[in-house]
Each structure stands twice: as C-alpha cells, then as structure tokens.
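Subject: The structure you asked about

Hello,

Here is the structure for you to open alongside this note. My notes on what turned up follow below it.

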Amino acid sequence: MKRILLILVLFITTIAQSQEKTFEKEVSKIAQRIENITTQQKDSLKVKVIAIDRRLETGEITITTSETLKKELAAYHARRIEKLVGEQERLLQLLVQDKTNGKIASSNEVNFDDDDINTFTVGRNTFRFSINNDDDDDDDDDDDDDFDTEKKKDDRKKDRGLGNRTTSQFVFALGVNNILENNDLSSLNNSTYQFWRSRFYEVGFTWKTRINKRPSQLYFKYGVSFLWNNLRPENNQFHRKNDEVTELQDFPENLSESRLRHVQMNFPMHLEWDLSKNRVFKDGGISDRTHRSVRIGVGGFVGFKLGTRQYLEYSDVNNIDVEEVQYDNFNMNTVNYGLSTYLGYKSTSFYVKYDLNPLFKDTETRNISMGIRFDFN
C-alpha cells in the first residue's frame, strides 16, 4: 500500500509543478511524513528487539518467549505503520478534493523545514499534529490484541534501567606519599621523609557494575592501575642496602636530589555508594545515572611491584654535577595489599590509600598516600 501511495504522490506532484506551488508543498510534506513514520517505527522496533535480546542473555526470559515477543512486536509496528500512513492517505484525499474545488492559494516558496512537515492546510484552515516513536500515542480503539497491554508497558519500564549496568572510567590520581611506623598515624609528625615533596601518581581504568539489576545507588568498582610512589628523605640522607636491611644514612656530599621510587601494578576493588539521582520517565520507568552527585568508595587493593630505583644528584669534590641511578629492590616486599577509600563529588574525590604489609622486609614501615582522584566516566 505504501508503494502505491508513493506513486500516487509522485504523480500528483508532477502535475502540480505546472500549477499552484502550495499544492506541491503540501504533497511533499505528506510524502516526508510517510517516510518519517516508516523510519521511526522501524527504529523503535530495533530498540525493542535489542531489549528482548538482553533479557534473553540475562536469563530473564526463554528463547520461546523471546521469539513470541519479537513476532508480536513486528505485528504491532506493522499495524502502527498501516494506521499512521492511512491517516496521511486520508489527508491526501482531502488535499486533492480541496485542489479540485480551487481552494488552495498559489505560493512561490517550495522549501520547508521540519516544523512545516507537522502542519497541514485545507482551505484557510491549518492543522498541526506530531509523529513520534511514543507507543503511548496509539489509537483509542479497543484493540484486544494490541501490543501495549499493561503488563508489557510494565516490562518496558523495567527494561529502561538495564542498559548501563556496567560503565567504565579513566582514573588519574596524585598527591603526597609518606610512611607510618607501627601503624601509628602520629608518626607522620616525625617522618624521615619530606611530606610535600614525596609524591605519588596513579593512572588506570576501572569498571563500575551496579549491584542490583534494577537502578540503585550501590556499585562494585574494580579495575587495574599503575602507581609511581616517590619517597624523598630529609636531612641529606639516602637509602643504603646492607644485606637484608635497608636503612637511611647520611650522604658524604651535598645532595640536591635523593628520591626512592617504586612502581607497582594494583588491582583496586571498592564498594561505591553513588548518590546521583536516577532519571524517572513519564511512564514510571527509571534510568540509572552515575557521577552526578556525592560518591563514597570503601575497599582495598592487591598488587605487586614492577621495579624500584634510587635517584641521587650531587656535586662531587671537583664540583662536577653527578646524576646517579641505582637499580635494586632495596629489600622491598614484592607483593603489596592494603585499604583505600575516597569521598567526592561527581568526578573529583579526596583519596586515601594505606598499605597493610610493610614497605621493607623485617620492618614496621608502611606506605600511606593521600591526594586527589579523578574518575572520568
């Protein structure tokens, strides 16, 4: 029926080119609306089929139910196309009748915008309507086999929140790095390392999965990251390895740089509470939204060190600048694990990370990091 109608529209348009151009414009608008109806209904069908496939993948429905729903959807949208195109056909009949009665005025303008497509003129009267994908605009007829039953409307409401259960983030963090002795926070006051010049940098990727299938505020956040931890000793000291013991000693020359850097690969895991307000649709459906409000993360990490080196810069007795890089593990523990937490708003958080295992073997020295963390969703 669509093909016959389009041929009729084309035929009438060809005749109209030698007559009043307002008639041609109205015919073109009808043709554009018919094309919009077909495209929108097909797109709507594709979206619903994808939602059914997702329900099948999660085990919510069986293959038989999936095929039945798809057939019902196809029949439903075919009826929608037939109904909406039929309305345009009736408008075309009115237009031809109006043209025959000489009620359409001439116009020199043929081009029209999207808003013009949604208007229709008969005589001196102009009508406005809309064509969209909202299935709730269906006809008021009591069609018992119509797809939009209350149960299937509820299913669509539930399915809205399933699309983004897992999201990914690029993570970048930086701040100060130091140590605690014997798990005593007050030991920071007497630390042998420079507080503001001992820094850390972290780069990684995380994945954030909603705990419940339905929209909520609780997530499991996990990923992988690489850290560069720097420790700069106070009082012109450097790290010296004496067999199984690593200790700080005075350097014979005046050091302009003394830095111990250890690089590690971590696998962080957090339970995150995201207070972002979920989106609520007019039909009662809920869509999950994240990183738009306060976020609280509590968890830990496990990882291993990729390498350790010490950088020394000084001037020797001949006043020659020397830059020295020492490669060694300095008796550091290879495997590391600990606790971490963050509190922030949107993508920015205050971040604290604490190693539970000692930094050096046979010591009670543990690494602690505090800084700013960015989670770019």
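(Buried means under 20% relative accessible area, exposed over 50%, and partly exposed in between, with a 1.4 Å probe and protein chains only.) Lys346 sits in the loop between strand 13 (335-345) and strand 14 (348-355), and has a positive phi of about 55° although it is not a glycine. Most residues other than glycine have a negative phi. Asp362 also has a positive phi, of about 60°, and is not a glycine either. You will find Asp362 in the loop between strand 14 and strand 15 (365-376), where its relative accessibility of 75% makes it exposed.

Before you read on, please note that this is a predicted model, in which local features need pLDDT of at least 70 and side-chain atom pairs count only at pLDDT 80 or more, while totals for chains, interfaces and linings use all residues. Residues are numbered from 1 along each chain as its sequence is written, and side-chain values use heavy atoms, with hydrogens and water left out.

Now the overall picture. The protein chain has five helices and 15 strands; these are DSSP runs numbered from the N terminus, with helices (H or I) of at least four residues and strands (E) of at least two. Of its 377 residues, 40% count as buried. Among contacts with a separation of 6 or more, 71% are between residues 24 or more positions apart, a contact being heavy atoms within 4.5 Å. The chain exposes about 21,200 Å², and carbon and sulfur atoms supply 53% of that (Shrake-Rupley method, 1.4 Å probe; for residues, only the protein chains shown count as cover).

Next, the inside. In soluble globular proteins, nonpolar side chains tend to be buried together. The largest nonpolar core here has 10 residues: Phe23, Val27, Ile30, Ile34, Ile37, Leu84, Val85, Leu91, Leu92 and Leu95. Helix 2 (21-57) and helix 3 (63-100) are the elements that give two or more residues to this core. A second, separate core has eight residues, including Leu260, Phe330, Met332 and Phe360. By nonpolar core I mean a set of buried Ala, Val, Leu, Ile, Met, Phe, Trp, Tyr and Cys residues joined through side-chain atoms within 4.5 Å.

What about the aromatic rings? There are nine aromatic pairs in the structure. Rings of Phe, Tyr and Trp (its six-membered ring) pair if their centres lie within 6.5 Å; planes under 30 degrees apart count as stacked, over 60 as edge-to-face and the rest as tilted. Phe195 and Trp196 are edge-to-face, because their ring centres are 5.0 Å apart and their planes stand at 90°. Phe195 is partly exposed at 28% relative accessibility, whereas Trp196 is exposed at 64%. Phe374 and Phe376 make a stacked pair, 6.0 Å centre to centre with 5° between the planes. Phe374 is partly exposed at 24%, and so is Phe376 at 42%. Ring pairs also link Phe170, Phe205, Phe374 and Phe376 into a cluster.

The charged end of Lys208 sits over the ring of Tyr219, 4.7 Å from its centre, and that of Arg373 over the ring of Tyr351, at 5.1 Å. The test is that NZ of Lys or CZ of Arg is within 6 Å of the ring centre and within 35 degrees of the ring normal.

Finally, the salt bridges: the structure holds 15 of them, each a side-chain nitrogen of Lys or Arg within 4 Å of a carboxyl oxygen of Asp or Glu. Which residues does Glu257 pair with? One partner of Glu257 is Arg197, with the closest N and O atoms 3.8 Å apart. Glu257 is in strand 8 (residues 255-274) and Arg197 in the loop between strand 3 (166-181) and strand 4 (199-210), 60 residues apart. Glu257 itself is buried at 10% relative accessible area, while Arg197 is partly exposed at 33%. Glu257 also forms a salt bridge with Arg232 (3.1 Å, N to O). Arg232 lies in the loop between strand 5 (218-231) and strand 6 (237-242), so this pair ties together parts that are 25 residues apart in sequence. Arg232 is buried at 11%. Arg259 is another partner of Glu257, at 3.0 Å from N to O, and is buried at 17%. Elsewhere, salt bridges that share partners join Lys208, Lys221, Glu272, Asp274, Arg295, Arg373 and Asp375 into one network.

Best wishes
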